[in-house]
Amino acid sequence: MAWTRDEMAARAARELEDGFYVNLGIGIPTLVANHIADDIDVTLQSENGMLGMGPFPYDDDVDADLINAGKQTITELRRTSYFSSADSFAMIRGGHIDLSILGAMEISESGDIANWMIPGKLVKGMGGAMDLVAGVKRVVVIMDHANKKGEPKLLKACSLPLTGQACVHRIITTLGVFDVVEDGLKLLELAPGATLELVAEQTEAKYSVADNLVAHEAA
Amino acid sequence: MKKVFADAQAALDGLVFDGMTLMAGGFGLCGIPENSIAALHKAGVKDLTVISNNCGVDGFGLGVLLDAKQIKKMVSSYVGENKEFERQFLSGELELEFNPQGTLAERIRAGGAGIPGFFTKTGVGTLIAEGKEHREFDGETYIMETGLKADVSIVKAWKADPQGNLVFRKTARNFNPMMATAGKVTVAEVEEIVELGALNPDEIHTPGIFVQRLFVGSFEKRIEQRTIREREVA
């Protein structure tokens, strides 16, 4: 019934193309790295100052000077380069990164994203999220279709403070894949077990259904 | 002019005062000036405005200054890692100014380069844009952000030579090079000071003009999230 987080990550990995420079957000988006196809060459950027991010280290290779943007210990690859935060965000804000995959709390039908702040709760900060959504060429969101209370996260307008305005291109949820198009969202794919009725029930945003809708079957 | 000092206390001597603005390098606990932070704690200087991407953790990094209530205001992009921060912020003891991480990096770079302001798309249409000048360039809206400077910048590098030329190591570089440019006085702590001529001039990350004082520190290099993989058994 619907996609798991790992299955959403696997679907998101299909957004990657050969030669892409990609920034993966913290949380579910990091799982995308486990699903990159063998026949494409992708370079992962970590916004604290690294291109060519490798996997987690073996226990005896842990290096305190080598972490990713989630502050996890990682490794370098033969292609790796290191740079300052200013150069890192020049890559991001200058439109040099091809794709950013991030999580979100809410998305609006015009592609606004809210993922950094819930009023009344302690705000930890936006980190690099506002720069990523404003600067990266293509922004793909992975998120649960509804929140823990079962309320829609695809809304007419975000209720939470925005991270960015009209900047999301595609949304991959537990129930399917949507594109942000001129007059709202467009449902392109249905996850296994998801139905049009279920999507309608759990979506507040205005959306249309693609003529060539792909209904995925359970693997 | 001699740039090399015996330790953090000697290097910071005469530079610190209550109410000063401080820049502190590092991302999380990676590449933070541990020794200068400890010396500032010992000096007891207070009402600090601290510009740093994060604020350490409870009991380590900038968390030490926070625990001792030496910080009046933080200018950061992400501060979620300490309980004491939360307590002081919620009780109104601590001011906080959030900046998107790239905006923060660029504000510091601009400050150090004599650029008082610049326009960016980051934050347009969000709370960050409120009260800021908006301007259109080629049909797109941008907001104005201002450059940042500090009375003192404390940075951490891997190696230095006696001229203050710095080389950083891996992702411990982060905010350190820009902060070195934006301090009226920059104090660098390093793991090793090598002989003049031992660094390849083509591979120097921060030229010595940006560094006024330096010393060799001792580093704990605490790790926030130790993530590992298992070795496959053949």
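Which residue of chain B forms a salt bridge with A:D65?

1. The partner of A:D65 is B:R169, and their closest N and O atoms are 2.8 Å apart. A salt bridge here is a side-chain nitrogen of Lys or Arg within 4 Å of a carboxyl oxygen of Asp or Glu. By this rule, six salt bridges are found across the interface of chain B and chain A.

2. This is a predicted model, in which local features need pLDDT of at least 70 and side-chain atom pairs count only at pLDDT 80 or more, while totals for chains, interfaces and linings use all residues. Residues are numbered from 1 along each chain as its sequence is written, chains are lettered from A and ligands numbered from 1 in the order in which they are written, and side-chain values use heavy atoms, with hydrogens and water left out.

3. At the interface, 52 residues of chain B are in contact (heavy atoms within 4.5 Å) with 48 residues of chain A. The residues on the chain B side comprise 19 nonpolar, 17 polar and 16 charged; Ala, Val, Leu, Ile, Met, Phe, Trp, Tyr, Cys and Pro count as nonpolar, Asp, Glu, Lys and Arg as charged, and the others, Gly among them, as polar.

4. Within chain B, B:Q70 is buried, with a relative accessible area of 3%; buried means under 20% relative accessible area (1.4 Å probe, protein chains only). Among the residues that B:Q70 touches, not counting residues up to four places away in sequence, are B:L40, B:H41 and B:V64.

Notes: Buried means under 20% relative accessible area, exposed over 50%, partly exposed in between (1.4 Å probe, protein chains only).
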